[in-house]
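Work through the exercises below with the sequence and the structure open. Each task is followed by a solution in steps.

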Amino acid sequence: MDDQSADGTGAVLGRIAARDRRVRVEKTVPPGGIVAALQLGCATASAPLLARMDADDVALPERLARQVAAMEAHPEWAVCGCGVRIAGGGAGFRRYERWLNSLTDPAQIAAERFVESPVAHPSAMIRRQALDAIGGYRDPPWAEDYDLWLRLLDGGRLIGKIPETLLVWRDHGSRLTRADRRYSAARFLAAKAHFLARLPAAKAGGVRICGAGPTGKRLARLLRREGIAVAAFYDINPRRIGEVIMGIPVLGADGFPALHPQGGLLIGAAGTLGARQRLRELAASRGFAEGVDFFCVK
């Protein structure tokens, strides 16, 4: 998909297509954009499995064959990702790479979907039937790939991953992730709030937020806008205990709730891995199951 390139890319693609009959070049209609290119690609392709990557990334030769085999072995998977290596980027990308590559099992991916985007978009192979069933790619106010994963998981679809590194994912300053506000932390948090609000437990009993820092406060405001009641705040930082947020006093670990049927959804809103792990331990000790009635949000 040639998305309105103006740097000679079209001519290069034309030469490649002329000597390789497997290559077909399609160009987006102005103004183009990533969603337009994705929609055009899906409309043009005819296979039951759709694989994608960006022009500046590098796939290992065995990537597609390995993913096809995994999708055949797991007909219940809607998406198959793979391990990635991020070329470029700083310490934050290294942490994201480690977290991303640690998620391979569908249950694990579903449980941690509100921490960050759990699949590298350029690594994805998607089952067309599952994609069509949710209306394909759309152009939301946040990242289109994160929106797709959350919609699939919201509908009960499974996402799996091959653990081996089969894609080199390039990071640079002109990437949409860095240059487009739809990929900002604020927009990602808005996406998380929107899809958290769709969960039955949140609708039925509201939410309790573990973490009274900036993330927890912003998330609470976003959830209220989505029509979800915030019933309580908790924190393990002694300096935050007793603070009042939206008229609700912050409780400490000793006030941490136990699981009960009408208790709503418990959300761990901690920015650091150590704090997130402590909240996970507290939630498990009270009977909560991550991915069912407890989710971590970064």
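**Exercise 1.** In which loop is arginine 52 found? Then decide whether arginine 52 is buried or exposed, and list what it touches.

*Solution.* The model is a predicted one, in which local features need pLDDT of at least 70, side-chain atom pairs count only at pLDDT 80 or more, and totals for chains, interfaces and linings use all residues. Residues are numbered from 1 along each chain as its sequence is written, and side-chain values use heavy atoms, with hydrogens and water left out.

Step 1. Arginine 52 sits in the loop between strand 1 and strand 2. Helices (H or I, at least four residues) and strands (E, at least two) are DSSP runs, numbered from the N terminus.

Step 2. The relative accessible area of arginine 52 is 14%, so the residue is buried. The classes are buried under 20% relative accessible area, exposed over 50%, and partly exposed in between, with a 1.4 Å probe and protein chains only.

Step 3. Leaving aside residues up to four places away in sequence, arginine 52 touches Ile34, Leu38, Arg63, His121, Pro122, Ser123, Ala124 and Tyr137. Contact means heavy atoms within 4.5 Å.

**Exercise 2.** Give the strand order of the sheet with 5 strands, and find the helices that pack on it.

*Solution.* Step 1. The sheet is open, has the order 1-4-3-5-2 and is mixed in its pairing. Strand 1 (49–51) and strand 2 (58–59) each have a single partner strand, so one side of each lacks a neighbour in the sheet. Two strands pair if DSSP finds at least two bridges between them.

Step 1. Strand 3 (residues 77–87) runs antiparallel to strand 4 (residues 125–127), and 2 bridges join them. Cysteine 80 has methionine 125 of strand 4 as its bridge partner.

Step 2. Helix 7 (residues 144–154) packs on this sheet, where it touches strand 3, strand 4 and strand 5, and its direction makes about 145° with that of strand 3. Helix 3 (residues 63–73) lies across strand 1, strand 2, strand 3, strand 4 and strand 5 (158–170), at about 150° to strand 3. Axes are lines fitted to C-alpha atoms, for helices over the stretch in contact, and angles run from 0 to 180 degrees between N-to-C directions.

**Exercise 3.** Which residues line the largest cavity? Which residues are closest to the centre of the second largest pocket?

*Solution.* Step 1. On a 1 Å grid over the protein atoms alone, a cavity is a set of points where a 1.4 Å probe fits but cannot get out; a pocket is an open set with protein on both sides within 12 Å along at least five of seven lines; lining residues have an atom within 4 Å of a point. Grid points are joined across faces, edges and corners, and a volume is the space filled by probe spheres set on the points.

Step 1. The count is 1 cavity of 30 Å³ or more, and the largest cavity holds about 50 Å³. Its lining consists of Arg208, Pro257, Ala258, Leu259, His260, Gly263, Gly264, Leu265, Leu266 and Phe288.

Step 2. The second largest pocket holds about 200 Å³. Of its 17 lining residues, Asp235, Ala269, Ala270, Gly271 and Ala275 are the closest to its centre. Helix 11 (214–225) and helix 12 (273–285) are the elements that give two or more residues to this lining.

**Exercise 4.** Where is the cis peptide bond from proline 30 to proline 31 placed?

*Solution.* Omega of this bond is near 10°. Proline 31 belongs to the loop between helix 1 (9–19) and helix 2 (34–44).
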